Amino acid sequence: MGSEEVGNRQIILNDYIKGFPKESDMSLKTSSIKLKVPADSPNAILVKNLYLSCDPYMRNRMQKTEGSYIEPYTPGTPIVGYGVSKVVDSAHLNFKVGDLVWGRTGWEEYSLIKDPETLIKIQHTDVPLSYYTGILGMPGMTAYTGFYEVCSPKKGETLFVSAASGAVGQLVGQFAKLLGCYVVGSAGSKDKVDLLKTKFGFDDAFNYKEEQDLTAALKRYFPNGIDIYFENVGGKMLDAVLLNMNIKGRIAVCGMISQYNLEQPEGVHNLFCTVNKRIRMEGFLVFDYYHLYPKFLEMVLPLIKEGKITYVEDIAEGLESAPAALIGLYSGRNVGKQLVVVARE
């Protein structure tokens, strides 16, 4: 490839935002890039981005926040997220041209990655590459560590998962079924509810938008109470769950998508349940568990190949479709894991 210069289309965050993100908060611009690692970047690699992951946490990076676990974006520069990429030039001993990697990269056609140690090399290419934005990437690890490490699940327990057809929820439910739990999920449309029951093998599922009284709905689906709640939404759902939890129940707090776009987050009213029911409620971040990735692959790759786990993706074509794909997460437009194809090879 030499050091030819090519156009590099990028998705830029225009400015910090308040409330719901809009497509106009981002813009598509073209800059240029040399397909060679610059001399002043020892250990860097240059990658061509193939698949980009749209994830709910990205909303939190679009505003100026203090003390978050992750830095806010810098307005005027490309958005950063998880992706699958191919190495086109390398000044790093561990990466060679042609290597496939997953990890954090820019929302652009080519990215110069100055700290490639954070990337994970893709060894298994007998599964779809796009899976490394989802089931074999950060969301898969989130489901695995949240369920097995934080929830301390046991066979025969009851599990409720919210946002159950999303990138993480669909896996949590399937892991729980494989362990022998009774699993119910909530989602925001009839199609998603059908998917949970028919494709992912949940015992039951409901559309939370059709329930006037979430506490009563949960009582209906869990007449004997909830042992484990995998929390993805927060707000009113968390309040209803607390009233339905069993003694010594566990709540793994993965995310709270209902709160991300509110200027004033909603309060939680039923927290005293954690005392009288001795509930353990624990937040977690997947970054703390990446050392378990090899163990995770050992478990999940055979399950994928044997058809014991299925994964549904919602694929948007072309970098220019990325802003709309990301924003769709917050209104539940996606069905399954939302990702963007920038290039197939």
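Which residues are linked with Arg-9 in a network of salt bridges? Select Arg-9, Glu-109 and Glu-320, and you have the linked set on screen; a salt bridge here is a side-chain nitrogen of Lys or Arg within 4 Å of a carboxyl oxygen of Asp or Glu. By that rule the count comes to 19 salt bridges.

Before going further, note that this is a predicted model, in which local features need pLDDT of at least 70 and side-chain atom pairs count only at pLDDT 80 or more, while totals for chains, interfaces and linings use all residues. Residues are numbered from 1 along each chain as its sequence is written, and side-chain values use heavy atoms, with hydrogens and water left out.

**The two domains**

Colour residues 5-134 together with 312-341 as domain 1, and residues 138-287 as domain 2; these bounds come from an automatic or database domain assignment. The centres of the two domains, taken over C-alpha atoms, are separated by 29 Å. Their contact takes 25 residues from domain 1 and 16 residues from domain 2, where contact means heavy atoms within 4.5 Å.

Between domain 1 and domain 2 an area of about 1700 Å² is buried, and carbon and sulfur atoms give 64% of that area; buried area is the accessible area (1.4 Å probe) that two parts lose on being put together, summed over both. On the domain 1 side, select Tyr-69, Gly-134 and Val-312, which lose the most area to domain 2 and together make up 27% of what that side buries. Across this interface the rule finds zero salt bridges, but it does find six residue pairs in polar contact, both residues being at pLDDT 80 or more. A polar contact is a pair of N or O atoms within 3.5 Å; within protein, one must be able to donate a hydrogen and the other to accept it, and residues adjacent in sequence count only if both atoms are side-chain atoms.

Next, select Ser-85 in strand β4, which covers residues 80-90; helices (H or I, at least four residues) and strands (E, at least two) are DSSP runs, numbered from the N terminus. At 2% relative accessibility Ser-85 counts as buried, a word that means under 20% relative accessible area, with exposed meaning over 50% and partly exposed in between (1.4 Å probe, protein chains only). Show the side chain of Asn-49 as well, and you can see a polar contact of 2.8 Å that joins it to the side chain of Ser-85.

From Asp-99, move to Lys-121, with which Asp-99 forms a salt bridge whose closest N and O atoms are 3.6 Å apart. Lys-121 lies in strand β7 (residues 120-121) and Asp-99 in the loop between β4 and β5 (100-106), so this pair ties together parts that are 22 residues apart in sequence. Of the two partners, Asp-99 is buried, with a relative accessible area of 8%, whereas Lys-121 is partly exposed at 33%.

**Helix α1 and what follows**

Now select helix α1, residues 138-150, which is largely enclosed by the rest of the structure because eleven of its 13 residues are buried. Among the buried residues are Met-138, Tyr-144, Phe-147 and Val-150. Just after α1, Ser-152 takes a positive phi of about 40 degrees. Continue to Lys-154, which forms a salt bridge with Glu-157, the closest N and O atoms being 3.8 Å apart; Glu-157 is buried at 10% relative accessibility, while Lys-154 is partly exposed at 49%.

**Strand β10**

Select Ala-205 in strand β10 (residues 204-207), a residue that counts as buried at 4% relative accessibility. Ser-186 is 19 residues from Ala-205 in sequence, yet the two are 5.5 Å apart in space, C-alpha to C-alpha. Beyond its neighbours within four places in sequence, Ala-205 is in contact with residues including Val-184, Leu-196 and Tyr-221.

**Two backbone angles to finish**

Most residues other than glycine have a negative phi. Select Lys-248 in strand β12 (residues 245-253), where phi is near 65 degrees, a positive value; Lys-248 is exposed, with a relative accessible area of 57%. Then select Arg-278, in the loop between α6 (273-276) and β13 (280-283), which has a positive phi of about 50 degrees and is partly exposed, with a relative accessible area of 48%.
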